[in-house]
Amino acid sequence: MEPGRGSPSVLPLWPRPRRQPALWPTLAALALLSSIAEGEASLGPAPSSPVPREGPVPAPAPPCRLRSQLVPVRALGLGHHSDELVRFRFCSGSCRRARSPHDLSLASLLGAGALRPPPGSRPVSQPCCRPTRYEAVSFMDVNSTWRTVDRLSATACGCLG
């Protein structure tokens, strides 16, 4: 007896769709490869380095973003005596893509020796990753007193300078 026929308790088999080759995954892969090829073509030829590099190529610096870590209150360096850990948020990463015309010109002038900064100073020719907003952090000290430090932990980051 064929499955799905003859017994009233068995549901009838619906017509099965014809099997088609995996067309959508193939089209998606082709579209992805096409967009990558177009992106590389628009970038132009890669600049050649006069000195061949040995060893692995260094990974690009991660972008500027907010990070966090649990740290002991005593390690904050603010003079508070507490055995608690607090979540300290900070900014870290690269801001190279955010360079302004000022940054580019300053780097060029410094590199050519056309600008002489005053002794003991060091001009920065690129923006740096810094907090743009802060929050207060509260903790209990060793005397069971609640302490709050304003503007201690970052809540947002940006490329400043």
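Let's start with phenylalanine 88, which counts as partly exposed because its relative accessibility is 25%. Keep in mind that this is a predicted model. Phenylalanine 90 is partly exposed too, at 29% relative accessible area. A search of the whole structure turns up 1 aromatic pair. In that pair, the ring centres of phenylalanine 88 and phenylalanine 90 sit 6.3 Å apart with their planes at 20 degrees, so the rings are stacked.

Now for the inside. The largest nonpolar core is made of 7 residues, among them Val71, Val73 and Phe139. Strands β3 (128-140) and β4 (146-160) are the elements that each give two or more residues to this core. There's also a second, separate core of 5 residues, including Cys64, Cys91, Cys95 and Cys129.

That brings us to the cysteines, where the search finds 3 disulfides. Cysteine 64 bonds to cysteine 129, with the sulfurs 2.1 Å apart, and both residues are buried. The S-S torsion here is about 75 degrees, so this disulfide is right-handed.

Cysteine 91 pairs with cysteine 157, and with a torsion of about -90 degrees that link is left-handed. Cysteine 91 is in strand β2 (residues 85-92) and cysteine 157 in strand β4, so the bond ties together parts 66 residues apart in sequence.

Cysteine 95 joins cysteine 159, again through a left-handed link, at -85 degrees.

What about cysteine 128? Its sulfur lies 6.8 Å from the closest cysteine sulfur, in cysteine 95, which is too far for a bond.

Definitions and conventions
Residues numbered from 1 in each chain as written. Predicted model: local features only at pLDDT ≥ 70, side-chain atom pairs only at ≥ 80, totals over all residues. Heavy atoms only, no water. Phe/Tyr/Trp six-rings, centres within 6.5 Å; stacked < 30°, edge-to-face > 60°. Buried < 20%, exposed > 50% of the residue type's maximum accessible area, 1.4 Å probe, protein only. Core = buried A, V, L, I, M, F, W, Y, C linked by side-chain atoms within 4.5 Å. Helix = DSSP H or I, 4+ residues; strand = E, 2+ residues; numbered from the N terminus. Disulfide = S-S within 2.5 Å.
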